[in-house]
Amino acid sequence: MIRKALSPLLLMITGYAFTQSTSTTVTNIDSATYFLQKGLDEKKIGRRMESLKNFESASYYDNSNKVVLRELAVAYHDLRKYTQAANTYKKMVELGDRSASTYKQLMLLSFNMRQHEDVLLYAKKLKQADPNERVSYYIGKVQYDQENYGEAIKTLTEASNEDPLNGEVLYMIARSYADMQNYKQSIPFFQKAITLDPVKTNWVYELALIYYAIHDDKNALKYMLEAGEKGYKKDNEYLENLGVAYLNSGDLDNGVKILGEILKKKPSDMNILNMIAEAYYYKGRFQQAMDYWDKILAFDKANASALYMIGMCYQKKGDKAKGQQLCDKAIEMDPSLASLKQKKPGGL
């Protein structure tokens, strides 16, 4: 094949373009080096925002320089620009950086941003890059958050073996069992977690509720009180549960006292009024029980259950005729109450 020789003019144009391209590349590299050094100087004296601006400029001129990109990623991270930091580390991976340090930063950033799938991806890559890296905690936390409790317990157990003093790991194992309603299995892990991190009052409170769920009233009260002593917020919910814990433990006076404090703020709370009334009733203090069911009727005259229980109180006090009359009236209002007549004397 015969090739035509390039004309002198075309040769001149081609040579000029090549020279210009080469010159531009050299200029860009020089500019990147300049701004990188300037960024390092600013970083050295603690001017983080200025150093970031210079690293961004260096990246603009040479976005394939791994040294520039690493400094840029660190700068973004230090200024809590996590998305930009993660994107910069990903750019480094695209350029061939498969180092454990880069994968670790990507795993941690993904973890902080709750990007669960990325956590699992980079934890796996990190472990491949460095088998000595501990990633079980991060994988286990993701599985726990995703409610994959079987795998969470397995992985978090590995994490606990890696770091036996990490109470949070044991707490997540405890919660995994509790969320599966395997309460008895959760208790030892709650106890170990609290021992390692006794200031976590919410863990203590949750343990109290676990004991409550399995009808261990003594320990429910014990840990409920411990949570309060350690600073758990004594809001209405806490006080109500504490009052119920006292009542369930047989301590009527303290239980009623605490529930009474709630009534000062929520005087028409039907649930609290009824709990106090029932507590008095089952302790044989029928007049006090009647007083509280009367309060319910004051707020809700159509409350047949309260009327029925007042009738029962009269019967327990010896006025069977009046009591029966009130019970019959309550059944007329709510026929389902007729089933209560079948209960034994120890019941309603």
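These entries record what I looked up in the structure.

**Basis.** I worked from a predicted model, in which local features need pLDDT of at least 70 and side-chain atom pairs count only at pLDDT 80 or more, while totals for chains, interfaces and linings use all residues. Residues are numbered from 1 along each chain as its sequence is written, and side-chain values use heavy atoms, with hydrogens and water left out.

**Overall make-up.** I found 18 helices and zero strands in the chain; helices (H or I, at least four residues) and strands (E, at least two) are DSSP runs, numbered from the N terminus. Of the 348 residues, 40% count as buried. Here buried means under 20% relative accessible area, exposed over 50%, and partly exposed in between (1.4 Å probe, protein chains only). I then looked up contacts (heavy atoms within 4.5 Å). Residues 24 or more positions apart account for 44% of the contacts with a separation of 6 or more.

**Core.** I took a nonpolar core to be a set of buried Ala, Val, Leu, Ile, Met, Phe, Trp, Tyr and Cys residues joined through side-chain atoms within 4.5 Å. The largest one has 104 residues, and those with the most contacts inside it are Met107, Ile276, Tyr281, Trp293 and Tyr308. Helix H17 supplies the largest share of this core, nine residues.

**Helix H16.** I checked the length of H16 (residues 286-299): its 14 residues should span 20 Å at 1.5 Å a residue, and the end C-alpha atoms are 20 Å apart, which agrees. The expected span is 1.5 Å times one less than the number of residues. Phe286, Ala289, Met290, Tyr292, Trp293, Ile296 and Leu297 are buried in H16. They lie on the same side of H16, because they cover an arc of only 165 degrees around the axis; the arc is that of the directions from the helix axis to the C-beta atoms. These buried residues pack against helix H14 (252-265), helix H15 (270-282) and helix H17 (304-317).

**Helix H18.** I noted Gly323, Leu326, Cys327, Ala330 and Ile331 as buried in H18. Their arc is 140 degrees seen down the axis, so they line one face of H18. H17 is included in what covers them. The face turned away from the buried side of H18 carries the exposed residues Ala321, Gln325 and Glu332.

**Aromatic pairs.** Rings of Phe, Tyr and Trp (its six-membered ring) pair if their centres lie within 6.5 Å; planes under 30 degrees apart count as stacked, over 60 as edge-to-face and the rest as tilted. Phe111 and Tyr138 are edge-to-face, at 5.0 Å centre to centre and 90 degrees between the planes. Phe111 lies in helix H5 (residues 100-112) and Tyr138 in helix H7, so this pair ties together parts 27 residues apart in sequence. Tyr171 and Phe190 are also edge-to-face, because their centres are 6.0 Å apart and their planes at 70 degrees. Tyr171 is in helix H9 (residues 167-179) and Phe190 in helix H10 (residues 183-196), 19 residues apart. Both Tyr171 and Phe190 are buried.

**Glu133.** I located Glu133 in the loop between helix H6 (116-129) and helix H7 (136-145). Glu133 counts as buried because its relative accessibility is 17%. Not counting residues up to four places away in sequence, Glu133 touches Lys104, Leu126 and Lys127.
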